[in-house]
Amino acid sequence: MDSKLIEQYASGGEQLSMAIRGLTREDLLAVPAADAKVGRWSIQQVVLHVMDSDLIATDRIKRMIAEDNPTLIGYDENKFVQNLYYHDQPAETAVQIVDLNRKLFANVLRKLPDSALQRKGMHNERGQLTVGKYIQSTIDHLEHHLKFIHAKRANMGKEMW
């Protein structure tokens, strides 16, 4: 397995933790103005979305590793935000879950042979996926949302130090 890819994956929780460091609960819950062009979710919603997405991604990757061509079911991220009380869950706990989940699962990834990267699953919306591409897309997904968190912070005048 590509050790660089695994370490990049494993460090995601730390990156997310740094992205929200120093923010108050009010900062986390602030919904940006529509004209701010930094996305419509609060930082809190972004963090909880990342947590849910990471847990779902880990499940999907595990199934691709353990099962032969499993079916991977999509979900509506906006319905999760609307109906799963993201505003009531502590962002710090969500970050810890992302961090621990990634670090724990990275232990599995480190033991896999290179051939495991080619194992496949069939997503009901995106079609055929491989373990390697899914790990990369999970890394890319976090990076995408970190950019939004940084932009939201800047919009509030709470830039990273």
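Start with the largest pocket: 17 residues line it, and Ser-53, Arg-60, Tyr-75, Arg-126 and Tyr-134 are the ones nearest its centre. Keep in mind that this is a predicted model. Select those five central residues and centre the view on them. The space in this largest pocket comes to about 270 Å³.

Now colour by helix. H4 and H7 each supply at least two residues of this lining. H4 gives the most, with six residues. Then colour the lining of the largest pocket by class: four residues are nonpolar, seven polar and six charged.

**Next stop: the second largest pocket**

Select Val-38, Gly-39, Arg-40, Trp-41, Val-46, Glu-77, Asn-78, His-144, His-145, Phe-148 and Lys-152, which line the second largest pocket. Its volume is about 150 Å³. Which helix gives the most to this lining? H7 does, with four residues. Helix H5 (77–83) also supplies at least two. By class, the lining of the second largest pocket has four nonpolar, four polar and three charged residues.

**Salt bridges**

The whole structure holds seven salt bridges. Three of them follow, each with a look at the accessibility of its partners.

Select Glu-14 and Lys-103. They form a salt bridge, with the closest N and O atoms 3.2 Å apart. The partners come from distant parts of the chain: Glu-14 is in helix H2 (residues 12–20), Lys-103 is in helix H6 (residues 91–111), and 89 residues separate them. Glu-14 has 42% relative accessibility, so it counts as partly exposed. Lys-103 is also partly exposed, at 34%.

Move to Lys-158 and Asp-27. This salt bridge has its closest N and O atoms 3.2 Å apart. Lys-158 lies in the segment after helix H7 (131–155) and Asp-27 in helix H3 (residues 25–29), so the pair ties together parts that are 131 residues apart in sequence. Is Asp-27 buried or exposed? Asp-27 counts as buried because its relative accessibility is 9%, and the cut-off for buried is under 20%. Lys-158, at 31%, counts as partly exposed.

Now pick Arg-119 and Asp-68. Their side chains meet in a salt bridge at 3.0 Å, N to O. Here the partners sit in loops: Arg-119 in the one between H6 and strand E2 (120–123), Asp-68 in the one between helix H4 (43–66) and strand E1 (71–72). The two are 51 residues apart. Arg-119 is partly exposed at 27% relative accessibility. Asp-68 is exposed, with a relative accessible area of 67%.

**Last stop: helix H1**

Select helix H1 (residues 3–10). Where are its buried residues? Leu-5, Ile-6, Tyr-9 and Ala-10 are buried. Turn the view to look down the helix axis. The buried residues of H1 fall within an arc of 130°, so they line one face of the helix. Now show what covers them. The cover includes H2, H4, H6 and H7.

Methods: Residues are numbered from 1 along each chain as its sequence is written. This is a predicted model: local features need pLDDT of at least 70, side-chain atom pairs count only at pLDDT 80 or more; totals for chains, interfaces and linings use all residues. Side-chain values use heavy atoms; hydrogens and water are left out. A salt bridge is a side-chain nitrogen of Lys or Arg within 4 Å of a carboxyl oxygen of Asp or Glu. Buried means under 20% relative accessible area, exposed over 50%, partly exposed in between (1.4 Å probe, protein chains only). The arc is that of the directions from the helix axis to the C-beta atoms. Contact means heavy atoms within 4.5 Å. On a 1 Å grid over the protein atoms alone, a cavity is a set of points where a 1.4 Å probe fits but cannot get out, and a pocket is an open set with protein on both sides within 12 Å along at least five of seven lines; lining residues have an atom within 4 Å of a point. Grid points are joined across faces, edges and corners, and a volume is the space filled by probe spheres set on the points. Ala, Val, Leu, Ile, Met, Phe, Trp, Tyr, Cys and Pro count as nonpolar, Asp, Glu, Lys and Arg as charged, and the others, Gly among them, as polar.
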